[in-house]
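Please open the model in your viewer and keep the selection tool at hand.

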Amino acid sequence: MDASVSPKTSLSSTFESDVRKVVPAEHVRAAAASDAVAGVQPTLVVEPGNEQELAKVLKLANTAGLAVIPRGGGTKLEWGNPPERSDLILSTARMNRVIEHAWADLTVSVQAGCTVAKLQDTVAKHGQRLALDPLWSEQATIGGVLSTNDSGALRLRFGSLRDLVIGATVALADGTVASSGGKVVKNVAGYDLPKLVTGAFGTLGVITRAIFRLHPLPKETQTISFLTVDAMEAQRLVLAIQNSKLVHSALQICCGVEMQPRVDILFEGTEAGLSAQSAQLKLMAGEAIQDDSTSEVWNRRHEMFSRTENDGDSFAVAKFTTLPAEIAQTAEMIGKIAASGLRWGAVAQATGIGLVRMDGAVPDIAAGLRRMREWLETRGGSLVIEQRPAGMGELEAWGNSGDALGLMQAVKRQFDPQGTLNPGRFVGGI
């Protein structure tokens, strides 16, 4: 959407004055062009210093009928649909502390504006980690990662964010500060707010703090890669590994145009354990060729979003889901769709979650993604557009929402009846 024609509500001088009574004036500023959200230009940026300030500002905006866009590190603002309106950016940049690391209980409490890298550095001092490998951890914040439910290859062994988060505090649109969960891993009392707001794209409330379960840092790690003749052989190897007694932490298939399919596997543990598992893996690999590899292969997801463009072509990146047993078929279908003039690359985790990148002319990319989405949805899968080129705004980000849309709309009305938070960004225009 063109920022010059973005719909927005005029912010009154009274509103700005009221905000400055809550948040120090030096942390309230006019929005710059760089603050635009998917091309939609906001008017004001506010950086509260704590969750009480944030909740008060949110209540003022809700009362004034303004559209509020929560922002952490800003690494995933292009994800989802462009907002219908963007009046106020509510930034958690100043809410960036690790509140409490209960290392004996393997839990940590952290503010939403803390980066993932800072959290990992803090808990690593006690030999622990948040078993999560999201995109751009140096800039991505806890609140943003939770809101987008971003996870990487470690999800195979340790689960998604919904498996790791055990407590959350959320500021609702009316200024209410709600908490759920606790500081211990086994806590099932009350409504499961942490899991509800995870992946909700900030449409239900603004996450202000979260509590996670932690895992020990591995003593040693080893990455082994194999080249296969085609995607089908790569899938057979992946399924064999999944059905074996190997204790692997990550497993992925990488393929693309003019790229030989590759299988990457990550082991974590003791040196003796890694040696034994490596020997067993090589026996299972059969005729697959072992490839020189390092831990850099796990940056493939990051590389997909690189803005490097070939010969002036544009590119788009989409997240897809498919059955683990159909990863090869999915890769083959991408290749067929892209044969009309698109370059492509894909990385798929053994769980069936992956990313595909298409490079080429914008109309060809849009047509290719549309065909890919139709094919996946007929097989129970999905395709969500995460990075799109300019001029491709007509293609909706989320695809078919299925029969869950009515329930999601009801939850949205319960938490944010006026549509204050991230209006239009989520599934079905929520």
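In this predicted model, begin with domain 1 and domain 3, whose centres, taken over C-alpha atoms, are 36 Å apart. To colour them, select residues 13–92 together with 414–429 for domain 1, and residues 219–392 for domain 3.

Next, display the residues at which domain 1 and domain 3 meet. Four residues of domain 1 are in contact with four residues of domain 3. Together the two domains bury about 360 Å² between them, and 44% of that area lies on carbon and sulfur atoms.

One residue pair, both members at pLDDT 80 or more, is in polar contact across the interface of domain 1 and domain 3. By class, the side of domain 1 that touches domain 3 comprises one nonpolar, two polar and one charged residues. A search for salt bridges across this interface finds zero.

The chain contains 13 helices and 19 strands. Its radius of gyration is 22 Å, close to the 22 Å that the globule rule gives for 430 residues, so the chain is as compact as a globular protein of that length. Along its principal axes, the C-alpha trace spans about 70 × 55 × 40 Å.

How values were computed:
Residues numbered from 1 in each chain as written. Predicted model: local features only at pLDDT ≥ 70, side-chain atom pairs only at ≥ 80, totals over all residues. Heavy atoms only, no water. Domains from an automatic or database assignment. Contact = heavy atoms within 4.5 Å. Buried area = accessible area lost by both parts, 1.4 Å probe. Salt bridge = Lys/Arg side-chain N within 4 Å of Asp/Glu carboxyl O. Polar contact = N/O pair within 3.5 Å; in protein donor to acceptor, adjacent residues only side chain to side chain. Nonpolar A, V, L, I, M, F, W, Y, C, P; charged D, E, K, R; others polar. Helix = DSSP H or I, 4+ residues; strand = E, 2+ residues; numbered from the N terminus. Rg over C-alpha atoms; globule rule 2.2 N^0.38 Å.
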